Amino acid sequence: MTTEDHQEHGTGPETGPETGSAAGPAAGAAIRGTARGTAPAPLSILDLATVGVGHTPAEALAATTELARRAEQWGYHRFWVAEHHGMPGVASSTPAVLLAHLGANTTTLRLGSGGVMLPNHAPLAVAEQFGLLEALHPGRIDLGLGRAPGTDPATARALRRGLAEGADDFPQQLAELTHFLDGDFPDGHPYARLTAVPRGEGRPPVWLLGSSGFSAQLAGRLGLPFAFAHHFSSANTVPALDLYRSSFRPSAVLAEPYALIGVSAVAADDEPSARRLARSAALGMLRLRRGNPGPIPTPEEAEDYPYSPVEADFIDSWLDNVVLGDPGRVADGLEALRKRTGVDELMVTSHIHGHEARLRSYGLIAEAYGLTAAA
């Protein structure tokens with residue numbers, strides 16, 4: 001669920017695997033989270049290892065590690081990181097590497113990719129990386145997959161040398177990856193004698209990620225869990241979820257649909273303080289959309305920026321999609337969104353400047369739901 005402005009192409013029938021993977025009932029149990037405290041649904045975190053103005057990537061990664069530790073203590077269900085390239089404000093370019101580190105610094109928190117952009121990689125390489133993660137941290141790893149590049153076209157071409165040039169082959173890439181994970185290529189297949197090593201008894205559940213209809217329909221047809229990027233594609237949220245549910249076919253993974261949405265949420269002492277923090281992320285997104293990505297600006301920079309009328313409209317529109325305010329107001333906003341969309345899980349993301357502000361935002365949300373005694 002990257003913060004890129006990418007829309008998936010098309011919503012029509014796809015070709016590719018006809019059933020979900022044969023991962024068995026354990027996969028379904030791993031997918032369905034547990035609501036804690038007073039939360040009506042499981043709460044999770046999407047973190048981008050945010051690099052703000054005045055901070056280094058090393059500091060951002062240290063903050064992400066601390067956030068994962070705190071998330072586990074607070075009672076969040078899962079913690080995902082996303083693949084991005086060429087974005088100075090995001091340090092999570094390689095989810096598998098970061099997840100190995102986060103796993104070594106936590107004990108029970110589910111960890112996953114939100115996501116790995118599959119067209120950027122050979123399916124065998126992804127199967128090996130996540131097989132290794134599962135061996136290191138058994139029963140705690142999710143493999144979320146996207147079909148957008150997570151970057152600009154030139155960087156995508158540099159990443160994909162020797163690979164497919166676009167995302168049109170995503171269903172076939174997904175089928176190949178699934179066979180590598182399960183070790184069940186049919187006899188006569190060119191890869192039937194290949195093995196993704198390491199591969200143990202268990203393997204990470206596969207999630208499909210999306211910001212429009214393509215992956216929603218594919219996830220439904222394959223009986224896989226689906227994660228939608230509401231935090232930057234809110235107009236498509238309900239149509240994509242409806243398409244996922246109407247397309248759903250029971251599989252060896254899930255008997256019923258299971259969907260989560262990524263939600264931008266910022267909690268602070270009051271609404272003006274939260275809005276001030278959120279404006280830094282909005283200015284960062286404005287610059288990204290203009291082709292000028294950089295570290296997340298400070299709240300002061302966002303306040304002083306000379307917005308044109310068009311830019312001001314963009315900022316206001318962006319902030320309209322952020323659930324922000326004091327902890328109670330954020331909890332109410334998240335619950336209203338859950339009821340409106342009918343999702344099974346909420347994954348909050350606070351892509352704002354300042355490591356302490358980010359930690360406190362997540363902590364206040366946990367406190368509002370009674371996940372923890374204090375933030």
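R70 comes out partly exposed, at a relative accessible area of 26%, where partly exposed sits between buried (under 20% relative accessible area) and exposed (over 50%), using a 1.4 Å probe and protein chains only. The model is a predicted one, so local features need pLDDT of at least 70 and side-chain atom pairs pLDDT 80 or more, while totals for chains, interfaces and linings use all residues. Residues are numbered from 1 along each chain as its sequence is written, and side-chain values use heavy atoms, with hydrogens and water left out.

R70 has a salt-bridge partner in E66, with the closest N and O atoms 2.8 Å apart; a salt bridge here is a side-chain nitrogen of Lys or Arg within 4 Å of a carboxyl oxygen of Asp or Glu. Both residues belong to helix α2, four residues apart, or about one turn of the helix. Helices (H or I, at least four residues) and strands (E, at least two) are DSSP runs numbered from the N terminus. E66 is partly exposed too, at 25%. In total, the structure holds 15 salt bridges.

Another of these joins R78 to E345, again with closest N and O atoms 2.8 Å apart. R78 sits in strand β2 and E345 in strand β9 (residues 345-349), so the pair ties together parts 267 residues apart in sequence. Both of these residues are buried, and they belong to a salt-bridge network that also takes in R110 and D142.

As for β2 itself (residues 78-81), R78 and W80 point one way, F79 and V81 the other, and all are buried. Strand β1 (residues 43-47) pairs with β2 in the parallel sense over three bridges, pairing being called when DSSP finds at least two bridges between two strands. F79 is the bridge partner of I45 and stands opposite L111 in β3. Strand β3 (residues 110-117) runs parallel to β2, joined to it by four bridges. The chain gets from β2 to β3 through helix α3 (residues 95-104) in a right-handed β-α-β crossover, meaning that with the strands pointing away from the viewer, the path from the first strand over the helix to the second runs clockwise.

R140, in the loop between α4 (123-136) and β4 (141-146), is a different story: this residue is buried yet has no salt bridge, and the nearest side chain of opposite charge, E72, is 4.3 Å away. Instead, the R140 side chain reaches the backbone oxygen of G103 at 3.4 Å, and one of its polar atoms lies 3.0 Å from the backbone oxygen of L109.

Definitions and conventions
Lys and Arg count as positive and Asp and Glu as negative; His and the chain ends are not counted. A polar contact is a pair of N or O atoms within 3.5 Å; within protein, one must be able to donate a hydrogen and the other to accept it, and residues adjacent in sequence count only if both atoms are side-chain atoms.
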